[in-house]
Amino acid sequence: PPFPTGQFNIASWMVSPQVVPALDENMLTLMFHIKKGVTHSATLWLMKSSDGGRTWKVLSEVSKRSPLFREGLNEATLMRGADGVLTCVARTGWSLVIIRSKDDGRTWLPWKFLGIDGVAPQAIELKSGMSLVTYGRPDVNLFVSLDENFQHWDAPFQIYNANRAPHEFVADWHQHGTFYVDSVEVEPGRLLSLYDTAGDSGAPGQRPQNRLWLQEAFIDSV
């Protein structure tokens with residue numbers, strides 16, 4: 001990695017579970033790194049493997065840090081449009097951002113806010129050819145691409161409501177659950193999502209993380 005590793009309580013790093021084929025038939029994935037206690041420190045890297053995943057090298061930094069990102073760029077997902085453009089949706093601590101690369105991840109265009117707050121975005125392509133992104137906190141949500149190049153998106157759809165008070169804002173959304181979510185299409189247009197509805201630390205005011213849920217959602221192909 002392009003940074004010191006150290007102990008988990010000093011710095012943390014996470015590799016995305018998602019691997020996307022590169023245009024040259026190699027493999028791409030995302031990796032982020034955070035220094036504990038350092039504001040805006042999260043850095044997102046695109047990693048590439050040319051030996052079937054046995055070894056990985058940094059291909060690029062997805063975007064430079066910005067004071068507009070409360071955490072920096074961290075949890076993220078990758079998609080490839082019909083035009084070949086690589087599209088990344090990433091967590092910032094505020095609104096999710098979308099960032100595009102026209103040269104298969106070597107360089108990236110300026111990021112844009114999506115106007116959607118959330119964590120851990122995960123993209124999947126449906127059998128209909130549509131793509132969607134699920135994300136959590138607050139609540140459990142998804143939004144669907146209205147075109148095959150991810151230029152336009154539908155309004156978010158709520159899979160699960162955390163039953164927060166109207167207009168409630170707390171500094172720690174874990175009070176209502178971490179709401180990390182991942183999904184799979186089990187039949188055409190039928191989505192099965194797995195998520196949690198409990199706090200993550202057991203600290204005062206939080207519930208222990210011990211509840212996982214499966215829920216169905218139906219995605220209209222129109």
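The model is a predicted one, in which local features need pLDDT of at least 70 and side-chain atom pairs count only at pLDDT 80 or more, while totals for chains, interfaces and linings use all residues. Residues are numbered from 1 along each chain as its sequence is written, and side-chain values use heavy atoms, leaving out hydrogens and water.

Strands here are DSSP runs of E, at least two residues long, numbered from the N terminus. Strand β6 (residues 76–80) is mostly covered, with 4 of its 5 residues buried (under 20% relative accessible area, 1.4 Å probe, protein chains only). Its partner is β7 (residues 86–90), joined to β6 antiparallel by 5 bridges; two strands count as paired if DSSP finds at least two bridges between them. Across this pair, leucine 78 stands opposite cysteine 88.

Further along, 3 strands make an open antiparallel sheet, ordered β14-β15-β16. Its edges are β14 (181–187) and β16, each pairing on one side only. Strand β15 (residues 190–196) is linked to β16 by 7 bridges, again antiparallel, and leucine 194 has leucine 214 as its bridge partner in β16.

Leucine 214, in strand β16 (residues 212–218), is exposed, at 59% relative accessible area (exposed means over 50%). Together, Leu194, Leu212 and Leu214 form a nonpolar surface patch with about 330 Å² of accessible area. Such patches take residues with over 30% relative accessible area and no salt bridge, nonpolar side chains being joined within 5 Å; a salt bridge puts a side-chain nitrogen of Lys or Arg within 4 Å of a carboxyl oxygen of Asp or Glu. Accessible areas come from the Shrake-Rupley method with a 1.4 Å probe.

Definitions and conventions
Patches are made of residues with over 30% relative accessible area and no salt bridge: like charges are joined within 9 Å, nonpolar side chains (Val, Leu, Ile, Met, Phe, Trp, Tyr) within 5 Å.
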